[in-house]
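Below are my notes on the model, as numbered points. They start with a pair of charged residues and then move to the sheets and a helix.

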Amino acid sequence: MVKGRGNNGVGKKITVGVCVMEKKVKCGPEVFSAPMGQILDRLQAFGEFEIIHFGDKVILEDPIERWPICDCLIAFHSSGYPLEKAEAYAALRKPFLVNELEPQHLLHDRRKVYECLEMYGIPVPRYALVNRDKPYQELEYFVEEEDFVEVHGQRFWKPFVEKPVHGDDHRIMIYYPSAAGGGMKELFRKVGNRSSEFHPEVRRVRREGSYIYEEFMPTGGTDVKVYTVGPEYAHAEARKSPVVDGVVMRNPDGKEVRYPVLLTPNEKQMAREVCIAFRQGVCGFDLLRCEGRSYVCDVNGWSFVKNSYKYYDDAACVLRKMFLDAKAPHLSTTIPPILPWKVNEPAQPSEGLTRQGSGIIGSFGQAEELRCVIAIIRHGDRTPKQKVKLKVTEEKLLNLMLKYNGGRPRAETKLKSAVQLQDLLDATRILVPRTRPSPGSDSEAEDIEHAEKLRQVKAVLEEGGHFSGIYRKVQLKPLKWVKVAKADTEEERPIEALMVLKYGGVLTHAGRKQAEELGRYFRNNMYPGEGTGLLRLHSTYRHDLKIYSSDEGRVQMSAAAFAKGLLDLEGQLTPILVSLVSKDSSMLDGLDNASIEMEEAKARLNDLITSGVKAVQANGSSKRPWMVDGAGLPLNAAELLPTLVKLTRKVTEQVRLLAKDEDEKLAETTSYDVIPPYDQARALGKTNIDVDRIAAGLPCGSEGFLLMYARWRKLERDLYNERKDRYDITQIPDVYDSCKYDLLHNAHLNIDGLDELFKVAQLLADGVIPNEYGINPKQKLKIGSKIARRLLGKILIDLRNTREEAINIAELKSQCQSSTSIKNVKEHTDHQPKFVIKNEESRRTSFTSEKSMDQDEDDDKEIKYRLDPKYANVRTPERHVRTRLYFTSESHIHSLMNVLRYCNLDESLQGEDSLVCNQALERLLKTKELDYMSYIVLRMFENTEVNLEDSKRYRLEMTFSRGADLSPLEKNDDDVEAALLHQEHTLPIMGPERLQEVGSYLTLDRMEQMVRPFAMPAEDFPPPTTPQGFSGYFKSAGVLERLVNLWPFHKHAANGNHEKSTSKTSSKTKDKSSLGGGDSFGTI
């Protein structure tokens, strides 16, 4: 049969059969946005095709011999579709198939999908299969422990994903580690505005069927869906991942909000391979982007993009070429200069989010664009940190140590998991004496002390009713051994060990509320407004957000709560933590690098206080009071110490009496029927005080009177050694910490003298805490640079990467503007569609670009999302803001601030002014405490009217906040909000203050010059490593950005040679392949 152009009257039209269920083909104005109808209407408008709809009656009831005869067939499986019948028809009539029918059987079995992907070398997440012949069948090769499953010896640490093998079963589960709070999230097909639900109580995997277990891929809270139309065309869209909070973002029309994104050359090749591997011309699949790599995790078969007129145009053009190549190769496939259909495309609203954020208040000029926000933030309000040390000789405890250290008598053991802590609790319950020895008994003082500590350990372990390694850990370290005879040999056995229990430091309900509130504040005030502000920017993938946390549980949870407020998320913190927060303990934890210098500072501080501060500070400068040794210490510090000890004893005695009453009540019950008063797992999701506990006269939160007394008793003992007549000034911050906590959370207990103790402790702590990080500015600078060296290096990398990216965007924009007219002429002359090129050329371009990318991927493991400007309905698609949030502890906030304000004192920078103005230096001296949720923010702006080479093109603005720096004793009746917060045990967070003078101009070049001597060089950052077992919730310890160019199209600028003529040709090639402006992937 010879076919030709119907609109020229030559030959007959090509018939295209649409053999799909009617619900999949909706045409006509009443369903104007149905993708299938839109594309078929456009195909028909070319005048070369006759579209034949089979209809459900024909497909389901008629024999295939009576089905319409067609040249090309569109057929794909859906619910109720007779796939075998369609296969028989295709074998009988042999039409050209857009999607071959036999491979569609594969798509119903996830095992076969993964097998096919691997056969074609397409990356998939690491996975293993568990096949059961019947429900709940026990399998020798499948092992489940608290924090991992093991399949055929392959271990998957939580978080991991559990998928049913049947492709039509969409109940996919994600199981979270106990270190992040535990629980399970169930993903399912969208129901209303929900796509997932979190179940904190579920910790065991399913056993009723066959499942795939695979590694959880942290994608930054974003999923990418790729749509192919033939092997040479792909379109990608990103949406909010259901693993974050399960809330579907919808526009005013009720459609899920998605935005087109650019694929890398490597991902384009993957799209091509998926299309070929499954022999599906029109195919959708899910892509996961994780640490610079991409993986295919699901293949859906026939899928079209919704609500994109540009995509409908492209898809119709590509399908036309496929049909003509198959049935009329002698005809030209050139696309006419003007497409033959006329569609009045309704203008899509530029503001599409239902859940909106507020606008912002900016302090920058019209020509300035915000490019980068870097914030270093302290965690929220926490319970006091505690530690119990005791020597143990009990056989049960020594055996427990051997059980978990592999039977090695000299090896220490760390107990952190729920199973391990439960074992310890069972042993401790048996060992704790049922009654307290009376003062008149013959028991030795040491025995009494030991029994008290065992009772304290038991109370800590019983606290909460749910073990979470994020807050409690026990260390057992052997101290003495003996050799015992065993058969014909001797073996060592431990006879004494040191037990160290660390607990407390838990993020309180107030801490979570503070973090969430600060996240909302950032959302509304730190970013320039574009309609819905940050939410709009973030959802359109022009916001490059990374959140880092130290290893501490309170810091991780603060980061998750902040992210919840920042991005207006809902639900529990655990899924948010696992999805959005990356742990980097090497950058945000620990004081080891400066431990010697800090000990020296504390020793000098002790001398200053005991010898008298007045004499030392009398020699200081009144103009620059921050320069003297011990700046901020009260002049009468030595006289305050006895008062501090006296008041501490008074408070401790009152808590002892409360604890005695509680202990007597507990003694009436058995060791095993203690009902835990507090569920720590549930507390992670709370933002309100526990009214019932407070009404019952109990301490707020998880702490009982026994533990409260243990806390104060330890402070009393450690603060002052009566026998040696020696004060330990390092205990002053802990006394202050406990005072502040009890005044805020336990004011209802009415402890007499607590407010007096707080006033004295605050006076001393305000001087001691800042001076622990250096007794004078030079020592502060030395200690600060050692503690914050890696963090400073990372901040400089953030700023440099932002500058490099902004420069390349500006250059690319300039090139595009200058070449637009030339491109238009060329395209009209050739009449050649920009998305069709030869297969060989496509492979070659993809390979070279992929190679150049891979060299950088070793250095820069960042997920790269870019909005596709051709498909996005956004006013400023080229605008891009980088946000880096670093959550850490008080030590790193002090250290970073000390480097920023005293960096000019270094010998290499003599004569330079400080980065911080004198007014701010005075304010910082008076700001004794950088309290909970204190922060330092650096914002970088680009002045687009200044020349690219001018150093003034990039301006930095530095601000800081003292955090929740309000005394719990302050009761301001005029401040209604503060009064309400006080009733809820929550202190308000102070607003940001400037570190520079108004009108000053800090360039990025000067910032680099001043900070570089104290920062870790970019080349010293080690590559990410994959630790053995679960060491957090990410595969690598941290995501390290390098000083490299972030986009594939500007790799030629990696050495800073942006304008070398020798790289112009290669850069143009890469420009096209990355932006989809000149290769077969025209929509990418």
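1. Glu942 belongs to strand β29 (residues 935-943) and Arg371 to strand β19 (residues 368-378), so the pair ties together parts 571 residues apart in sequence. Helices (H or I, at least four residues) and strands (E, at least two) are DSSP runs, numbered from the N terminus.

2. On provenance: this is a predicted model, in which local features need pLDDT of at least 70 and side-chain atom pairs count only at pLDDT 80 or more, while totals for chains, interfaces and linings use all residues. Residues are numbered from 1 along each chain as its sequence is written, and side-chain values use heavy atoms, with hydrogens and water left out.

3. A second salt bridge links Arg382 and Asp737, at 2.8 Å from N to O. Arg382 sits in the loop between β19 and β20, and Asp737 in helix α21 (residues 732-745), so parts 355 residues apart in sequence are tied together. Arg382 is buried at 9% relative accessibility, and Asp737 is buried at 15%.

4. The structure has 65 salt bridges. One of them joins Glu256 to Arg239, with the closest N and O atoms 3.7 Å apart. Glu256 is in the loop between β15 (234-240) and β16 (259-260) and Arg239 is in β15, so this pair ties together parts 17 residues apart in sequence. Glu256 is buried at 18%, whereas Arg239 is partly exposed at 22%. Through shared partners, Lys190, Asp223, Arg239, Glu256 and Arg258 form one network of salt bridges.

5. Which order do the strands of the open sheet of 4 strands follow? The order is β20-β23-β22-β21, with antiparallel pairing; two strands pair if DSSP finds at least two bridges between them. β20 (385-392) and β21 (413-415) are at the edges with a single partner strand each, so one side of each has no neighbour in the sheet. The twist averages 25 degrees from one strand to the next. β21 and β22 (residues 473-486) are joined by 3 bridges, and Lys414 has Gln475 in β22 as its bridge partner.

6. Helix α8 (residues 418-431) packs on this sheet, touching β21, β22 and β23 (489-504), and its direction makes about 95 degrees with that of β21. Contact means heavy atoms within 4.5 Å; axes are lines fitted to C-alpha atoms, for helices over the stretch in contact, and angles run from 0 to 180 degrees between N-to-C directions. Helix α9 (residues 445-462) lies across β20 and β23, at about 130 degrees to β20.

7. Strand β10 (residues 172-175) is covered on both faces: Ile172 and Ile174 are buried on one side, Met173 and Tyr175 on the other. β10 pairs antiparallel with β9 (residues 160-164) over 3 bridges, and with β11 (residues 184-191) over 4 bridges. Met173 stands opposite Glu162, and Ile172 opposite Leu187 in β11.

8. In helix α27 (residues 918-926), Ala920, Leu921 and Leu924 are buried. They cover an arc of only 105 degrees around the axis (taken from the directions from the helix axis to the C-beta atoms), which puts them on the same side of α27. These buried residues pack against α26 (890-902), β30 (954-961) and β31 (993-994). Gln919 and Lys926 are exposed, on the face turned away from the buried side.

Methods. Buried means under 20% relative accessible area, exposed over 50%, partly exposed in between (1.4 Å probe, protein chains only). A salt bridge is a side-chain nitrogen of Lys or Arg within 4 Å of a carboxyl oxygen of Asp or Glu.
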